[in-house]
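Student: Can we go through this structure strand by strand? I would like to see how the pieces pair up.

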Amino acid sequence: MYRAERGLVVVPVDARGGPGQGGALVLRLTGDTITEAGTLTHPRRTGADSGIRRSLVAGGALWTLSASGLLATDLDPLRPVAWVPFA
């Protein structure tokens, strides 16, 4: 995901834990400089893929989606604010 007005890039990445345990790398673009803002991961639910599949900005938060649930994260600073697990 790329949001030019916020200088925000979110890239899915594979975690070292193996398949289905990926996260997301959050980058900030300022002029011609790219800096790492942080990484996001979802809690692993038994039998569910916790790899982040989608991301979007809504209501002033960065939302990420995996088969385990939805995570809302403050944009500045990157701080989780809500977790909605899937049953």
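Tutor: Let us start with one bridge. This is a predicted model. In it, L65 has its bridge partner in β7, and that partner is L70.

Student: How many bridges pair strand β6 with strand β7, and in which sense?

Tutor: Strand β6 covers residues 61-65. Strand β7 covers residues 69-75. Their pairing is antiparallel, and the number of bridges is five.

Student: Which order do the strands of the open sheet have?

Tutor: The open sheet has four strands, with antiparallel pairing. Its edge strands are β5 (54-58) and β8 (78-85), as each pairs on one side only. Neighbouring strands are turned against each other by 25° on average, direction ignored. The order is β5-β6-β7-β8.

Student: Now the start of the chain. Which residue of the hairpin of β1 and β2 takes a positive phi?

Tutor: Strand β1 (residues 2-3) runs antiparallel to β2, and two bridges join them. R3 stands opposite L8 in β2. Four residues lie between the strands of this hairpin. The positive phi, near 60°, belongs to G7.

Student: What is the bridge partner of V9 in β3?

Tutor: β2 and β3 run antiparallel. Six bridges join them. For V9, the partner in β3 is L27.

Student: How many bridges join β3 to strand β4?

Tutor: Strand β4 spans residues 33-40 and runs antiparallel to β3. The number of bridges joining β3 to β4 is seven.

Student: And which residue in the turn between β3 and β4 has a positive phi?

Tutor: β3 and β4 form a hairpin. Two residues lie between them. The phi in question is about 60°, and the residue is G31.

Student: Which elements give two or more residues to the largest nonpolar core?

Tutor: This core has nine residues in all: L8, V10, A24, V26, L40, I52, V57, L62 and L75. L8 and V10 fall within residues 8-13, the span of β2. A24 and V26 fall within 23-30, the span of β3. The elements are β2 and β3.

Student: Leaving aside neighbours within four places in sequence, what is V10 in contact with?

Tutor: V10 is one of the core residues. Its contacts include A24, V26 and L62, which also belong to that core.

How values were computed
Residues are numbered from 1 along each chain as its sequence is written. This is a predicted model: local features need pLDDT of at least 70, side-chain atom pairs count only at pLDDT 80 or more; totals for chains, interfaces and linings use all residues. Side-chain values use heavy atoms; hydrogens and water are left out. A nonpolar core is a set of buried Ala, Val, Leu, Ile, Met, Phe, Trp, Tyr and Cys residues joined through side-chain atoms within 4.5 Å. Buried means under 20% relative accessible area, exposed over 50%, partly exposed in between (1.4 Å probe, protein chains only). Contact means heavy atoms within 4.5 Å. Two strands pair if DSSP finds at least two bridges between them. Axes are lines fitted to C-alpha atoms, for helices over the stretch in contact, and angles run from 0 to 180 degrees between N-to-C directions.
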